[in-house]
Structures are given as C-alpha cells and as structure tokens.
Amino acid sequence: MGAEAETTLYLPVNPGLEAEALDLLLAALPEARGVLEVLAAERPLLQAPLPAKTLRVPLKGVPAENGFLTLTLRVRFPAEDLCAAQRLYRLRLLPESRLHLSGRPTPPKTLAEFFPPYLERVVLYLPDPPPPEAAQATLWLAGFLARTYPGRVPELDLEPYPPRWPPASPFTRYVVWLEEIGAQVQGFALLLGDLAEAARLFLAQPGLREAPFPGEATQTLTLKAPEELGPRVSLAQLGHGPKRVEGYGTLTAAYTFALADLGPDHLPLGLRLRAVHSPVEPKRGYAELLLNGVAFYTAPLEGTVLDLYTPLPSRLLERNNTLEVRFHYAPPEGRCTYGALPFTATLDPGSYLVLGRGELLSGLDAFPQALLPQFWVYLEPLDRFKLQLAARLVQALQETTRTPLRPEVASDPHPRPLLALGGPGLP
C-alpha cells in the first residue's frame, strides 16, 4: 500500500467459530509517519499511528458472511508531494499475521457444507491395495481440493481404516471409502463408495460469474486488427474481475495466468485491452505493458478510454505468467498534492488474450499443459503409497492452472498422455 491507499482482507471463518481478534504484523520504513484504519462494512474497528510493527484488531461481534469476514485496511501518509510519497512510503502486511478464533466447529449437515472455507488436512481412509474405483476417486479429490482452496491447499493423507474414529477437529475432514454406500455425511466424516457420487462431488465446476463493467460492452467495439478474429479467452475467464487503480505517479494492475489456463496446445498471440479512465490532458500520462517484468508496449493516455491491441512477444512467455498494466500519470503543472484530482482507471474484465497454436514449452515447463484436457495415471503397483504420491502430484499440477484436470486411472501404461509412477517394473 502506498501514500493513500486501501486493500481488502477476506478472512475464513468456519461454521460454529467466531473471530475474536486479528494480529497484524506490519513492515514500514521507520520515517513513514501515518495512520492505519481498519473497517468492517465501513464500521471503524481500529485507528493506529504508523510506523507500528504489531497491531491487534478486536473482532468480537463482527459477523462473517458466507464463511468469510471482510475487512478494509486504509492507510494515509501525510506528504505534500503525493507522487514522491508513492515511491517512498510502503506498508507491507506480513504473512505471519494471525486470526484468533473461538467457539466449537459445527458438524456439517449436508454434502455442500462438508468442505468449509478453511481446511488444513483431509484424511482419506481406504483399503490397501485400494480398488481402482477408490484410486480414481482419490485423484479426483486431490484435484478438487487444489481448485477449491487455491494458495492454501489442505494436506491430503491416505491412511488405513482406524480402530476408532479420531476426535473432531475444526480444520480437518475425514473421507471414508466404503464400497457401494453412495455418499452421506456422518459428523465430520464423508462416507463415500460410489464412483458416480465421487464424480458429482469432485468434478462439478461452478459457473463463472459475470463481471460487471460500466460503459459500452466490449463486444460492440470495432476490432483493431485481423489477428483478433482467432479464438480468445477473457480476463474474466482467467479469474480476474474489474480492476481499479487510483492515485498519482505510477499505478499498476497485475494479471496472472498459466499457459495451461488457455487450454491444450494454445499460446497467447495478442492482447486486446480496454479501460475507461478519468480525463487526461495530452502528454500528461501513458500506459505501459509488461510481461514477466519486461516492457513490450507503451501508448499515450488521451481522452477517457484506452482501447488497444498488441501482439504478445513469445520470447517472454513462461509456464506461469504475470501481465502488468502500468499507468504513468503526472497532474497538470505538477500539482501532486492533497485535494488535486487523482487519476482513476477501471480495466474491463472483458479484455482478452487472442489465442493460436504454436510450439509449446519443453520439459517440466510443459506441465500441466501437456496433460490437458485429460490424462491417464498408471501406478505400478497400485497400492496406497503410490496412490498417495500420485494424489500429491495431481494437487501440485492443479495448483498451476485454473483449468480443471481430469486424471483417469489406467490399467496399462499405453494410453497417452500418461503419468506413470512405479519402480523397475514399469515398461
């Protein structure tokens, strides 16, 4: 966060639990004097002077909605020259910050409630050697957890049937494979023994939400170049909603995507980008595009709409990519002070990448795109240990793409594409 900015925190609160307090661990320059304000639904919870290393935010009585507690953090550093302050003052929220919870977890009553907003561990009980149907359900479950909990995937452990059920834990769930039982919830355990039920639970994908954008719809705009007539994937489809920047100096909006997000055998050839922004006088600002930290395009800001098409340099592509849109803006006559109108821009989530077929990356950088849309998993032998390794590998691959992976257990090592795990017995 810079001289005058805000950010939003979404804190998971499982059913039956209540947020008590949030310990914020902060990092800022010692000379950065300012104020940090924490709000919930515009209700002030804390105001504290900066710099500060630790702050406790009281949360007792602040309700969570849909399993998440939403907090807004606003910071302001007093400075006459806000453009200089944007470069000099930074406040970082450290990942060691902790949320304190109280209460007792509520056992889920339905399958939809079985996976809460936050999980640390999922234990799967199954026989050894597992039947092929159980192995298939395990791989689907591994991909489901990686998609449902991006950035904080629960640990998936495969264990033999216990002599007695373990005690309830607020951040642990148990899945038990019992042949031909269908699917039902008992306390904190999901009894599962039917492959059709496993597919319904772990392969269904929620639909993409339509991202609202003020102004003219992208589909009605005149195309800029013939290259745009190819297949495309929008920023909304890649998981990015409208992004808004406001301030002075250099303002950045970043988009992340993996090549696997684009589907099998596809590479991004070009970018169609649209944004509406506050009025800009000639020669007072420009937009700059960067791919993986390297600038490849600039355009002047004029009027109130930025609408551009540019090829993407293939030499800059990696398996995981970051596209940055930077706005450089200087107020008229250099009046970068409080009270001066800031520059604002909203980027259209309907902006899109133009796709084409091309030479994919090689080696490990080709994963998981080389395995799309479906791949087979061959285990030699098919036992709980090999299945545990395969499940963790599927989780790791799924974390690198938003595209749902569809691993299928193979009875022989001949289907392609194939992921094989085993010893010297592999052909």
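Trainee: Which residue in β13 stands opposite V175?

Mentor: That residue is L190, and please keep in mind that this is a predicted model, in which local features need pLDDT of at least 70, side-chain atom pairs count only at pLDDT 80 or more, and totals for chains, interfaces and linings use all residues. Residues are numbered from 1 along each chain as its sequence is written, and side-chain values rest on heavy atoms, with hydrogens and water left out.

Trainee: How many bridges join β11 to β13?

Mentor: There are 4 bridges between β11, residues 172-177, and β13, residues 189-192, and the two strands run parallel. Pairing here requires at least two bridges found by DSSP, while strands (E, at least two residues) and helices (H or I, at least four) are DSSP runs numbered from the N terminus.

Trainee: And which strands does α3 touch?

Mentor: Helix α3, residues 195-202, packs on the sheet and touches β11, β12 and β13, with its direction at about 135 degrees to that of β13. Contact means heavy atoms within 4.5 Å, and angles, from 0 to 180 degrees, are taken between N-to-C directions of lines fitted to C-alpha atoms, for helices over the stretch in contact.

Trainee: What's the strand order in the sheet with β11 and β13?

Mentor: The order is β10-β9-β11-β13-β12, an open sheet of 5 strands with mixed pairing. Since β10 (155-159) and β12 (183-186) stand at the edges with a single partner strand each, one side of each is left without a neighbour in the sheet. From one strand to the next, the twist averages 20 degrees.

Trainee: Where does α2 lie on β9, β10 and β11, along or across?

Mentor: Helix α2 lies across β9 (121-125), β10 and β11, and its direction makes about 165 degrees with β10. Helix α2, which spans residues 132-148, also lies across β24 and β25, running at about 165 degrees to β25.

Trainee: Switching to that one, what order do β24, β25 and β26 take?

Mentor: They form an open sheet of 3 strands, ordered β25-β24-β26, with parallel pairing. The edge strands, β25 (407-409) and β26 (418-422), each pair on one side only, and neighbouring strands are turned by 25 degrees against each other on average, direction ignored.

Trainee: What is the bridge partner of F375 in β25?

Mentor: It is P407, and β24, residues 375-380, pairs with β25 in the parallel sense over 3 bridges.

Trainee: Which strands does α4 lie across?

Mentor: Helix α4, residues 384-398, lies across β24, β25 and β26, running at about 155 degrees to β24.
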